[in-house]
Every structure is written in structure tokens, then in C-alpha cells.
Amino acid sequence: MLPKDPEILFGFINMKLRDFYHSLEELCEDLNVERQDIMDRLGEAGYHYNKEKNRFE
């Protein structure tokens, strides 16, 4: 289950991307979560995914 708070979600996702996954797609598949759900929740908090850096900013 993903954290509800967008700031905690931001840190959680970026830590997972940095330490365990080469892409957001790989993370979503492994954790069985919808990519769009993460994109929407973090987008509402002002974050966007940078594919080249493999992190939300």
C-alpha cells in the first residue's frame, strides 16, 4: 500500500526508484500499482516525473 500523504509518497517513490528500479513502469509493475494513480497524486502536489533522471521533481 502506498502512503496517502503526497510528501511522504514523493520520498517513498523516489527512494524506491533510486535504490531498486530503473523506471517508473518497472516500479508500478512490481508493486502492482497504477502508474497514472502515482502520476495524478504527485502531480496534484506539483511534482512531475523526469524519465531521464528516473525521479519525481
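**A buried asparagine and the core around it**

Asn-54 is buried, with a relative accessible area of 13%; buried here means under 20% relative accessible area, with a 1.4 Å probe and protein chains only. The model is a predicted one, in which local features need pLDDT of at least 70 and side-chain atom pairs count only at pLDDT 80 or more, while totals for chains, interfaces and linings use all residues. Residues are numbered from 1 along each chain as its sequence is written, and side-chain values use heavy atoms, leaving out hydrogens and water.

So where does this asparagine sit? Asn-54 is found in the loop between strand 1 (49-50) and strand 2 (55-56); strands are DSSP runs of E with at least two residues, helices are runs of H or I with at least four, and both are numbered from the N terminus. Setting aside residues up to four places away in sequence, Asn-54 touches Leu-17, Tyr-21, His-22, Ser-23, Leu-24 and Tyr-49, where contact means heavy atoms within 4.5 Å. Its side chain also reaches the backbone oxygen of Tyr-21 at 3.0 Å, and a polar atom of that side chain lies 3.4 Å from the backbone oxygen of Leu-17.

Leu-17 and Leu-24 turn up again in the largest nonpolar core, among the residues with the most contacts inside it. This core has 13 residues, and a core of this kind is a set of buried Ala, Val, Leu, Ile, Met, Phe, Trp, Tyr and Cys residues joined through side-chain atoms within 4.5 Å. In soluble globular proteins, nonpolar side chains tend to be buried together.

Phe-10 and Tyr-47 are stacked, at 3.9 Å centre to centre and 10° between the planes. That pair links distant parts of the chain, with Phe-10 in helix 1 (residues 6-19) and Tyr-47, 37 residues apart from it, in the loop between helix 3 and strand 1. Tyr-49 and Phe-56 make a tilted pair, at 5.3 Å and 50°, and both Tyr-49 and Phe-56 are buried.

Terms used:
Buried < 20%, exposed > 50% of the residue type's maximum accessible area, 1.4 Å probe, protein only. Polar contact = N/O pair within 3.5 Å; in protein donor to acceptor, adjacent residues only side chain to side chain. Phe/Tyr/Trp six-rings, centres within 6.5 Å; stacked < 30°, edge-to-face > 60°.
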